[in-house]
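Open the model in your viewer and keep the selection tool ready. The tour starts at a pocket, then moves to a helix and a strand.

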Amino acid sequence: MSKEKSVLVAGANGTTGRIIINLLKESDDYQPIAMIRKKEQKGHFEKQGVSTVLADLEGDLSHAMKNADKLIFAAGSKGKNVIGVDQEGAKSLTDAAKLAGLEKFVMLSSMGADNPAVSDDLEDYLRAKQNADDHLRASGLSYSIVRPGSLTDDDGTGKIELKEKLEKRGSISRTDVAKTLVEVLEDDVKQNQTFEILSGEVPIEKAVCP
């Protein structure tokens, strides 16, 4: 049995982030490191035996990489600071991960990030995600960029529809998004690929296979 890989989760205290932490905790292959912005968020994770690292996406991130092998970016500003967090924060984290030699960077992006003009309301957010994705693709890091449709709090089904471009809109549960992000952490799964996901009929582990 190979040693568990440590996975740094940016945005660990968010709704999707907490689901990711739980999935990693239950996994035989990974152990999570919760990246948190405030000291008071520490207790929630320590109670579960999850190690934490205090780091701000708008500050220095080099120390956050210290014990990490791989990384999932699931942070977001909920529209409050799309340039600082969703764009520049993701870019800074990419740079820090590259400098530290991390094995893989899994980016939670958004459907529409390939064409931000599709949405008047979300154009700034989608453009920020597009810029962050482009930066990761150009970084030389191994990556997977996951672009879900609208996120819901429904129970996960464990099944998705996955294509490079789905040509339709729809939704998907946060749980199924989190499972997809964890599945693509593996070295050769969706390596250096960008793809869209919605709720569907194909089991996640099969959908992400080469």
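Select α5 (174–183). This helix gives three residues to the lining of the second largest pocket, the most of any element. Helices here are DSSP runs of H or I with at least four residues, strands are E runs of at least two, and both are numbered from the N terminus. A pocket is an open set of points on a 1 Å grid over the protein atoms alone, where a 1.4 Å probe fits, with protein on both sides within 12 Å along at least five of seven lines; lining residues have an atom within 4 Å of a point.

This is a predicted model: local features need pLDDT of at least 70, side-chain atom pairs count only at pLDDT 80 or more, and totals for chains, interfaces and linings use all residues. Residues are numbered from 1 along each chain as its sequence is written, and side-chain values use heavy atoms, without hydrogens and water.

Now show the whole lining: L23, S27, D29, Y30, G158, K179, V182, E183, E186, I204 and E205. Besides α5, α6 (204–207) also gives two or more residues.

Next, select helix α1, residues 15–26. Colour T16, G17, I20, I21, L23 and L24, which are buried (under 20% relative accessible area, 1.4 Å probe, protein chains only). Look down the axis: these buried residues fall within an arc of 165° (directions from the axis to the C-beta atoms), so they line one face of α1.

Finish at strand β6, residues 143–148. Y143, I145 and R147 are buried on one side, and S144, V146 and P148 on the other. Pick F105: its bridge partner in β6 is Y143.

How values were computed. Expected span 1.5 Å × (residues − 1). Buried < 20%, exposed > 50% of the residue type's maximum accessible area, 1.4 Å probe, protein only. Pairing = 2+ DSSP bridges.
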